[in-house]
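Work through the exercises below with the sequence and the structure side by side. Try each task before you read its solution.

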Amino acid sequence: MEAGVERAVQKRQVLFLCVFLGMSLAGAEPLRYFVAEETERGAFLTNLAKDLGLGVGELTARGTRIISDQNMQFLLLNSLTGDLLLNEKLDREELCGPREPCVLPFQLLLEKPFQIFRAELWVKDINDHSPVFLDREISLKILESAIPGAAFLLESAQDSDVGTNSLSNYTISPNAYFHIKVRDSGEGNIYPELVLNQVLDREDIPELSLALTALDGGSPPRSGTALVRIMVVDINDNAPEFVQSLYKVQAPENSPVGSMVVSVSARDLDTGSNGEIAYAFFYATERILKTFQLNPTSGSLYLKAELDYEAIQTYTLTIQAKDGGGLSGKCTVVVEVTDVNDNQPELLLSSLTSPIAENSPETVVAVFRIRDRDSGNNGRTVCSIQDDLPFILKPSVESFYTLVTEKPLDRERNTDYNITITVTDLGTPRLKTEYGSGTNEFKFLKPIIPNFLPQNTGREVEENPPFQNNLGF
């Protein structure tokens, strides 16, 4: 009897592999389409019927649909003509932020017979944003003892565009004392430094006002301007210096609000008020100010709000140490947010067939997709059903599964079946979500955190087997 069971399992495994490889070929290389942001709604992108080598009527006959994880339906398919149209005007900065290229994956699902094609919509940037300084006036104090060649870091402008349309240069209004040197941060960003040309004399010129202009690389270029107000001060020999110029720390995304992230330290060799140091953020963004709090006396950095790895993985902060004489030093703090297993795996139902005719050969009961918003093993999942049912799970591309009958059903023996689909991730601790069958749709039951995974019965399938290419969203 055990030998018969083993042969049956091997037969199902061979059948599963053949079906899986057949489905995977449908989406080996994604179809790729391009559109410029702000293109008007209804713009023609392509004719999918022609791209897929199908007759125009086949799209309707085969139950063709566009599926995407995006919260908005950005594409519209005319199944009668096969035309793929833009369903709404797209904002590349809103969709992708600084990420380049901006790629929106989607799938073309054909139900009869079941087939999936992967596709991508590439949203191209246009120069629709000007560089902007967070502060329109930048105050700077420079000692009259500063020697020519001394450089002073200025605030960087921000530009939401990318590529050639992003920030590309800085200029300063003509003057005899300073010029601008553009520095590269090494992470694709540039920032301006004010470089002294000749010695300052406070008694001669106590204050200068210069216009700092940021330019992007668009055609025509856009620009933004800030006023640099320079106060020439008497000698304070030593500026604060940080023990480290760069601090790199890691913070788990479940770190409690109020916990300390890092403590920075600067020193000043001067005495009295010229040696007293106060710490502060240097031109911090609104997001940083909402997330972190800095103790001005100790230099300790604390969490002010919860972290979310799925939203932001890295924060880069500039902290300034200023003494009583107005001199300052700066350091950079890079906070890397590490992922924890805090997202339940999800099941996204695409189609459900109920009721099912008895005595039918292998029948597709449901088509669904598994998603887990965590990363690494926290985002890998296995999927299973009860092992006492005449149904099996078959994985496809892009984390899709089909629930099919294992053999013809007999209504006289069973009029209905209650199927529970269990999705478990491989994180620590492992999170499990169960979905049960209702009258005509799957409904959420309850999330639980198990201490172990059930043994593989042949109905448990890993979402990302080694030979499957899964891009995800």
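## The whole protein

The protein has an accessible surface of about 24700 Å², and carbon and sulfur atoms hold 50% of it; accessible areas come from the Shrake-Rupley method with a 1.4 Å probe, and for residues only the protein chains shown count as cover. The model is predicted, with local features needing pLDDT of at least 70 and side-chain atom pairs counting only at pLDDT 80 or more, while totals for chains, interfaces and linings use all residues. Residues are numbered from 1 along each chain as its sequence is written, and side-chain values use heavy atoms, with hydrogens and water left out.

## Exercise 1

Task: find how many helices and strands there are in the protein, and what share of the residues is buried.

Solution. Helices (H or I, at least four residues) and strands (E, at least two) are DSSP runs, numbered from the N terminus, and in the protein there are five helices and 32 strands. Buried means under 20% relative accessible area, exposed over 50%, and partly exposed in between (1.4 Å probe, protein chains only); buried residues make up 43% of the 473 residues.

## Exercise 2

Task: describe the aromatic pair of Phe 133 and Tyr 170, and say which parts of the chain this pair ties together.

Solution. Rings of Phe, Tyr and Trp (its six-membered ring) pair if their centres lie within 6.5 Å, and planes under 30 degrees apart count as stacked, over 60 as edge-to-face and the rest as tilted. By this rule there are eight aromatic pairs. One of them, Phe 133 with Tyr 170, is tilted, at 6.5 Å centre to centre and 50° between the planes. Phe 133 lies in the loop between β7 (115-124) and β8 (137-143) and Tyr 170 in strand β10 (residues 167-172), so the pair ties together parts that are 37 residues apart in sequence. Phe 133 counts as buried at 4% relative accessibility, and Tyr 170 is buried at 3%.

## Exercise 3

Task: is Gln 320 buried or exposed, and which residue does its side chain join in a polar contact?

Solution. Gln 320 lies in strand β22 and, at 13% relative accessibility, counts as buried. A polar contact (a pair of N or O atoms within 3.5 Å; within protein, one must be able to donate a hydrogen and the other to accept it, and residues adjacent in sequence count only if both atoms are side-chain atoms) of 3.4 Å joins the side chains of Gln 320 and Ser 328.
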